[in-house]
Structures are given as C-alpha cells and as structure tokens.
There are 2 protein chains.
Amino acid sequence: MATCIVPVPADSPFSIHNLPYGVFRPSASAAPRPGIAIGDHVLDLSAIATAGLFNGPLLSSSCCFSETTLNSFMAMGRPAWKEARATVQQLLSGEVPTLQDNSDLKKRALIPMNEVKMEVPAAIGDYTDFFCSEHHTKNCSKIFRGEFALPPNWLHLPVAYHGRASSVVVSGTDITRPMGQSFPPTPDGKTPPYFGPSRRLDYELEMAFFVGPGCELGDRVTIENAYDHIFGLVLMNDWSARDIQFWEAQPLGPFLGKSFGTSISPWIVTLEALEPFKCDAPKQDPPCLPYLTEPFRFTFDIPLEVAIKPVGDEKKSVTCRTNFKYLYWTMAQQLTHHTINGCNLRTGDLLASGTISGPDRDSLACLLEQTSNGQEEFTLEHGGVRKYLEDGDEVIFSGCCKGDGFTVGFGTCSGFVERFARLLLV
Amino acid sequence: MATCIVPVPADSPFSIHNLPYGVFRPSASAAPRPGIAIGDHVLDLSAIATAGLFNGPLLSSSCCFSETTLNSFMAMGRPAWKEARATVQQLLSGEVPTLQDNSDLKKRALIPMNEVKMEVPAAIGDYTDFFCSEHHTKNCSKIFRGEFALPPNWLHLPVAYHGRASSVVVSGTDITRPMGQSFPPTPDGKTPPYFGPSRRLDYELEMAFFVGPGCELGDRVTIENAYDHIFGLVLMNDWSARDIQFWEAQPLGPFLGKSFGTSISPWIVTLEALEPFKCDAPKQDPPCLPYLTEPFRFTFDIPLEVAIKPVGDEKKSVTCRTNFKYLYWTMAQQLTHHTINGCNLRTGDLLASGTISGPDRDSLACLLEQTSNGQEEFTLEHGGVRKYLEDGDEVIFSGCCKGDGFTVGFGTCSGFVERFARLLLV
C-alpha cells in the first residue's frame with residue numbers, strides 16, 4: 001500500500017494512508033461533488049462511482065457520491081466508510097488495475113488540486129462548540145477573574161454552547177471584521193456602549209468532528225457506541241470578536257462575537273486514517289459519572305500549528321504549537337454528553353473542541369491568552385507585533401500526524417481578515 | 001370578505017381574516033404539503049396550485065406549493081405573500097367562483113382539520129432565542145441574585161443565544177423528561193453532581209418568527225427593512241430543565257437544559273393578518289443606538305395564555321395571561337441586531353422572543369417565576385399544586401387577537417410531559 005499510482009510529494013499531508021473526504025467543484029461553474037485528496041490531486045468520487053468501481057456490497061447500489069454534499073455517505077456508517085477506503089486504496093495503489101490502466105478515466109477522475117474550488121463538505125444542521133481544554137479555561141479565568149480556576153461544573157461535564165451553523169465557511173473564505181456594540185469605556189453603567197468595527201478580533205485554534213449516523217429525539221448514544229457516530233475531523237478557526245463577546249455574553253453566552261464566521265479546513269480526516277495516532281487521553285480526576293466513563297479511554301496525537309501572515313509579507317510567523325491530545329474531554333465524551341438529555345443528532349452536525357491550548361506559553365491557542373486580552377504585545381518571529389488581529393492578516397492553521405515513514409495531515413484552515421467595507425445593502 | 005364558502009365557527013381562530021400557513025399530511029402516509037387553516041378545515045395549497053388557481057404574476061409559474069416545506073414560498077418575499085393572500089381570500093369568499101363552483105376540487109382541497117397530521121412548517125437552518133422581556137429578566141435576577149436588576153448590556157441590545165434547531169418539534173409532540181447532571185446538594189464543590197431525570201421541568205411561553213428572505217454573510221439588514229425579512233409568527237414553548245440548566249450554564253449559557261425539545265404551534269400567522277393589531281411598543285430609555293432606532297416603532301397586541309391539564313383531569317387550569325406587546329425589544333430590533341456583525345440569515349431561520357412575562361403576578365410566563373424556583377407552590381384553579389411540571393401534565397399555550405367582529409388566532413401549542421422510559425438504544 002506504500003506505492004501509489006499518483007505521485008505524492010514526501011511532505012504532502014495527503015498520502016495514501018490518509019484519503020480524507022471533501023466536496024469540490026472542478027471549475028467555478030461545475031456542480032459540487034465528493035472527492036478524496038491524494039498528493040496534489042483530487043480524486044473525483046462521482047467519476048469513480050459512475051465508472052462502477054465502487055463495487056462492494058454497500059456502495060455498489062448507492063448514489064451517495066453523486067450528491068453535492070457528503071451527508072448521504074456519512075449517514076451510512078462505518079462499514080460503508082471502510083468499504084470505500086478499501087476500494088480507493090486498492091485503486092490508488094494499483095492493486096486492482098481498473099483505474100491505473102484506464103487513462104481516460106484517470107484523466108477525468110484525477111484533477112490537480114490547484115484547479116478545484118473547495119466547498120463546505122456537508123450540510124451542517126447544528127454546530128456545537130465545546131470548551132474542553134483545561135489550560136484554555138484556566139487561562140481565561142486568570143485573565144478575567146485573576147486566578148487560575150475552573151468553573152464548578154467543569155471537571156464533571158464537557159461545557160458547551162450552541163454555535164451558529166449558517167456562518168460556517170470553508171478555508172480560504174475572507175473574514176469580514178464584524179461591526180458591533182462593545183463595552184463602555186467606564187464601568188459605571190452611565191457611559192453608553194460604543195459602536196463600530198471590532199477592535200479585538202481574535203482566532204481560536206480548534207478541531208471539530210462531523211456526525212455520521214445521528215440519533216432520534218429522546219434517544220441517547222452510549223459512551224461505548226459514541227465513535228460509531230463520528231465520521232472524521234477538520235481544523236476549525238472559531239474567529240472571535242472579544243470586545244463584542246464580552247459586552248453581549250452576560251448572561252446567555254457567546255452570540256454575535258462568534259457568528260460572523262467560523263472557518264473549517266476542507267478535508268475531513270477519518271478515524272480510520274487517524275488510527276495509528278491513538279494515544280492516552282489525560283487522566284480524569286475526579287472520576288466522571290458512569291455515563292461519561294469510557295471502557296477504553298484514548299484520544300489522538302495530532303500536532304497543530306497557528307501562523308499569521310501579514311498582508312505583503314512573504315513569510316508567515318508561527319504563533320502557536322499545540323496538540324489535540326491536550327483536551328481533557330474526548331470526542332466520545334462530548335458526543336455522549338450531547339445526547340444525554342435526549343437531544344437528537346443529525347448527520348452533518350459539527351461538534352467542535354473549543355480552543356486547544358496546551359500547558360506551555362508556546363501552546364496558547366488564541367491571542368486573548370497570548371496577550372492577556374491585549375495588555376501585552378506578541379512579537380511575530382518575522383517582524384511586527386500583535387495585540388489582536390489587524391486587517392490584512394491571514395491566519396493559517398495546520399495539523400499533521402507523522403507516522404513511521406508516512407504522514408496523515410489535515411492541510412490548512414486559513415482566512416484573510418478583510419476590513420469592514422460593505423454598505424448596508426439589504 | 002366577511003363571507004366564506006367554508007363554515008367558520010364564531011370562536012375559531014382561523015377566520016378568513018387570518019389565513020395562516022402550515023405544512024400538513026392529509027393522512028399519515030401522504031407526503032407533507034403546504035396548507036392554510038380556515039375554520040375547522042385545511043385548504044390544501046398544492047391542490048389549489050395544481051388546479052391553476054394561483055394565477056397571479058409571481059405565483060403562477062412557481063412550484064412553491066408543491067414542496068414539503070414552506071421555505072421556497074417564504075423566500076419569495078412580501079409581494080408573493082400578498083398575492084397568495086389575495087388569491088386565497090378571493091377563492092374562499094366566493095368573489096371568484098372557481099373554487100366555490102367546483103365541487104370535486106372543493107372536496108379534494110378542503111380537508112377536515114381533525115383528519116390531518118401537522119408538521120414543522122419549514123426547514124429551520126438556525127434557531128435563535130432572545131431575552132426580550134424586562135419583567136422576566138428582572139424576576140430571574142430577583143430569584144438568583146436577590147434584586148430586581150438588569151444586566152448592564154440589557155437596555156442597549158436584545159440579548160440572545162443560539163438554540164438547538166434539530167429539536168424544534170410541532171405542537172402535539174410528546175416531550176420526554178430529560179436526563180442530566182444537576183447541581184450538587186452542597187456548594188463546597190466536593191459533593192459530586194447527581195444524575196437522573198430532571199426534577200425541575202418548566203415551560204416558557206414565547207413567540208417566534210420565521211425569516212422569509214435571508215441575507216448574505218457580511219451584509220446587514222437595516223432597521224428600516226427588517227420587517228421585509230419576517231414572514232410570520234408562531235407560539236413557542238421553550239421547555240426548560242432548570243436543574244440541568246443552572247448546573248451547566250456557567251460560563252457559556254444554556255445547552256442541554258433546553259435542547260431536549262422546543263415546541264411550536266403549527267400555523268404561521270402572517271404580518272398581513274396581524275396588521276389590525278399593531279400597537280405602540282414600550283418606550284425605550286435610554287434611547288438605543290442609531291442602528292436599532294426604529295423610524296416607526298410598533299409591536300402587536302397579542303393576548304396569550306398558558307394552561308396546564310394534568311393527566312386524567314377533564315379541565316385545564318389557566319396559569320398565565322400575558323401579551324406579546326410587553327416585550328421591550330421588537331422583532332425588527334431583534335433581526336437587525338442579529339445581522340449587525342455580518343451574520344447571515346437563511347429562509348426558515350427561527351427567532352424567538354424569550355419568555356413573555358408581563359408586569360402582574362398573573363402574567364408570569366414560566367413556573368420558575370411563578371414558584372420562585374420551586375420555593376413556593378402554585379395552586380391550579382381546578383385542583384392540585386405545582387412547583388414544577390409533573391409527568392402526565394399537558395401544557396397548552398394559546399394566543400388570539402380579537403378585532404371588531406373578527407378573530408385572528410394562533411390556535412394552540414401543546415405538549416405532554418412523558419416520563420423518561422426509553423432504554424439506551426443507539
């Protein structure tokens with residue numbers, strides 16, 4: 001399986017061991033369709049399906065790869081996901097010659113990645129954002145309340161809030177600096193709030209997973225079965241306007257400080273591809289309630305990185321190096337907790353981790369933490385300083401697992417901060 | 001227009017002045033389709049459209065009434081909504097004889113309401129819940145912090161949070177008492193939280209509106225144009241598990257304490273039907289920021305009622321009489337504020353008011369307020385007391401505007417509290 005009929009550069013995140021799913025348009029006017037990233041190419045799954053090469057028992061009669069989102073495929077569950085992976089690995093390795101020997105099909109089905117336009121890969125019904133990093137939670141407490149503390153509930157349940165699904169966008173989409181109300185300059189309550197473009201625009205490095213098969217209202221997913229409902233992961237930038245957020249969030253939580261845009265990387269890396277990178281999850285003390293207790297507790301070792309590339313600069317400056325494995329609550333615990341009250345999940349729902357800060361200064365995963373809410377300056381390695389993001393900054397997240405001689409990466413999740421320039425149009 | 005070819009009982013909420021939209025199935029196995037309530041009947045709009053009776057310029061070539069939700073029709077905007085209303089009023093009043101004189105079509109298109117099954121009328125992309133009642137906000141503050149106070153932001157913006165869209169259900173759907181974690185009996189943080197069925201299940205009387213035409217990410221809807229984006233209103237029960245809610249909600253707001261079910265009434269009453277019930281909205285002091293300042297500020301006079309019908313009882317006990325007009329923030333302000341940061345709205349999005357408590361003891365719109373969070377008992381007029389809801393309680397909301405000789409009502413939004421009995425199935 002180490003060989004591949006498509007050349008894969010050694011530093012490519014998209015080796016034959018990865019095979020992440022996305023939705024792309026071969027050209028701007030073409031219909032969106034499912035694809036798999038391989039090296040510098042995209043394998044058009046609709047072309048492979050039309051050619052009859054998905055000939056396993058579950059996929060041979062399915063139309064899932066002729067659709068404009070991955071939802072139908074995601075809804076089919078792990079047996080279908082394994083069948084698809086096995087088929088594509090056979091085709092790309094040349095183990096079966098049907099793609100390798102068909103030059104017409106190869107030309108149609110393998111499209112240079114720099115020619116395609118990526119889309120949000122699924123119709124997202126609901127998006128939930130968790131708050132699973134102990135370091136992030138304690139750092140926020142220190143900044144706002146003066147002490148490294150956790151809320152009383154934090155060690156007992158994965159805290160979360162409902163996010164805005166409509167404004168989830170794919171990597172590469174410009175992010176417009178939001179307008180809004182912010183905290184009055186004097187805290188006596190008599191100075192009215194100011195209004196204008198956010199002055200404290202931030203990134204938050206997160207990862208998120210897509211729900212595969214859902215569950216009905218009134219049912220619950222057990223911790224033992226939780227991973228059967230998880231299709232795969234993406235990188236996420238939960239852009240945050242801190243000034244808007246802090247003024248609006250009492251008492252009901254984040255709203256407009258977040259809902260102006262949430263970026264995700266286009267390629268969904270499956271749990272099958274991440275299997276070699278399983279590792280221990282942090283020990284939980286106190287022990288959690290039985291419904292959250294995992295029979296085999298694990299997480300994934302996924303090194304993550306943030307960089308800022310100011311407009312006009314040639315080099316990007318890395319601002320954070322952290323790891324998915326630092327999260328206190330696992331994906332299984334998040335999903336199980338989400339359904340404990342009978343809340344239904346639908347295929348395509350997106351559950352995000354919250355900001356993934358680690359234990360070190362280098363691993364702080366948002367500018368709020370890195371600058372103590374703008375009280376200090378953060379120095380970029382290639383020049384310049386930041387308290388918060390400036391117009392023209394491109395923020396680039398990446399994540400890559402290095403195995404013994406192979407790579408399973410997420411590619412990048414990027415967004416360019418655009419000045420608020422549009423008029424009131426609607 | 002006072003006459004109608006369908007008999008309309010004097011006390012029916014669905015007079016020819018109303019004509020609310022819903023989605024129904026004529027039988028359990030039939031496909032959902034749009035309809036209008038008229039007296040004790042449902043007018044099947046797919047049948048009217050198929051017969052070619054929507055012959056105005058906007059609707060004659062549209063397939064919107066052949067779909068299984070109202071989204072396409074809602075997206076067309078007010079000119080199409082006015083055209084549809086005029087056509088249906090002409091047909092039902094007998095002004096044009098095309099329906100009146102066609103007994104076959106009448107039989108097919110007018111279905112007794114007690115034979116149909118109602119559905120959620122639109123595909124809801126995102127659901128947002130506001131917090132617009134000054135009385136409710138102050139009462140909650142009194143209960144939890146000992147004083148009738150508003151958060152510092154409250155008079156400057158309509159506070160809101162993202163709700164869960166997947167668990168919005170139509171009136172008549174049973175509500176399963178949720179399981180969850182709750183506050184430890186001792187506040188020293190050393191007693192672990194308890195787990196089980198919620199002990200503090202509550203209703204919240206709200207109203208919600210559906211978004212018609214949406215807006216793109218990065219755009220904003222001005223206050224002057226806000227009503228062009230509002231299709232119509234429904235009653236809403238934002239069921240709340242207070243014990244789960246209070247334990248989980250710090251610091252990110254409501255989550256599982258709400259997401260186990262949110263009921264809406266099936267019939268969407270349009271702004272055209274509510275036009276005769278326009279009234280002054282509460283004066284705002286301090287004045288709000290210019291983007292929220294309405295050139296012609298108004299709201300609607302909609303009397304609302306809550307009743308509880310315990311299982312086995314013949315009579316329902318009214319527990320609350322309040323009015324939509326008490327809300328401090330109008331629908332236009334809610335919608336405009338929602339987009340001020342560039343957040344996109346999609347057709348079918350649902351924006352709810354928050355609990356509509358009024359100034360009097362009779363007008364408290366949830367049990368939390370009526371019993372001071374279970375510290376007092378609320379006496380039902382037909383016998384029994386409640387601190388919170390019991391299994392077998394049916395909660396019934398109604399809303400009805402009485403004009404000079406005519407009625408524009410919402411019907412009811414009801415739900416039956418079902419004991420948590422299901423096993424772990426998924």
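# Exercises on a predicted two-chain model

B:Cys288 sits in the loop of chain B that runs between strand 18 (278-279) and strand 19 (299-300). The model is predicted.

## Exercise 1

Decide whether B:Cys288 is buried or exposed, and list what surrounds B:Cys288.

Solution. Start with the accessibility: B:Cys288 has a relative accessibility of 14%. Buried means under 20%, so B:Cys288 counts as buried. Next, set aside the neighbours within four places in sequence; B:Cys288 is then in contact with B:Thr293, B:Trp329 and B:Gln333. Last, consider B:Leu155, which is 133 residues away from B:Cys288 along the chain. The C-alpha atoms of B:Leu155 and B:Cys288 are 7.7 Å apart.

## Exercise 2

Describe the interface of chain A and chain B by its residues, its area and its polar links.

Solution. Begin with the residues: chain A gives 65 residues to the contact, and chain B gives 65 residues. Then take the area. The size of an interface is often expressed as the accessible area lost when the parts come together. For chain A and chain B the buried area is about 6,500 Å², with 60% of it on carbon and sulfur atoms.

Now turn to the links. There are four salt bridges between chain A and chain B. One salt bridge joins B:Arg164 to A:Asp126, whose closest N and O atoms lie 3.5 Å apart.

Finally, look at the side of chain A that touches chain B. Elements giving two or more residues to this side include strand 6 (127-130), helix 6 (242-248) and helix 8 (331-339) of chain A. Strand 7 of chain A supplies the largest share, three residues. Sorted by class, this side holds 36 nonpolar, 21 polar and eight charged residues.

## Exercise 3

State how chain A is divided and how its two domains meet.

Solution. First, the division: domain 1 covers 21-119 and domain 2 covers 127-418 of chain A. Taken over C-alpha atoms, the centres of these domains are 30 Å apart. In the contact, domain 1 of chain A takes part with 19 residues and domain 2 of chain A with 18 residues.

Second, the area: the two domains of chain A bury about 1,500 Å² between them, and carbon and sulfur atoms give 68% of this. A:Tyr21, A:Met74 and A:Arg78 together supply 40% of the area that domain 1 of chain A buries against domain 2 of chain A, more than any other three residues.

Third, the links: two salt bridges cross the interface of domain 1 and domain 2 of chain A. A:Arg78 also forms a salt bridge with A:Glu272, at 2.6 Å from N to O.

Definitions and conventions:
Residues numbered from 1 in each chain as written. Chains lettered and ligands numbered in written order. Predicted model: local features only at pLDDT ≥ 70, side-chain atom pairs only at ≥ 80, totals over all residues. Heavy atoms only, no water. Helix = DSSP H or I, 4+ residues; strand = E, 2+ residues; numbered from the N terminus. Buried < 20%, exposed > 50% of the residue type's maximum accessible area, 1.4 Å probe, protein only. Contact = heavy atoms within 4.5 Å. Buried area = accessible area lost by both parts, 1.4 Å probe. Salt bridge = Lys/Arg side-chain N within 4 Å of Asp/Glu carboxyl O. Polar contact = N/O pair within 3.5 Å; in protein donor to acceptor, adjacent residues only side chain to side chain. Nonpolar A, V, L, I, M, F, W, Y, C, P; charged D, E, K, R; others polar. Domains from an automatic or database assignment.
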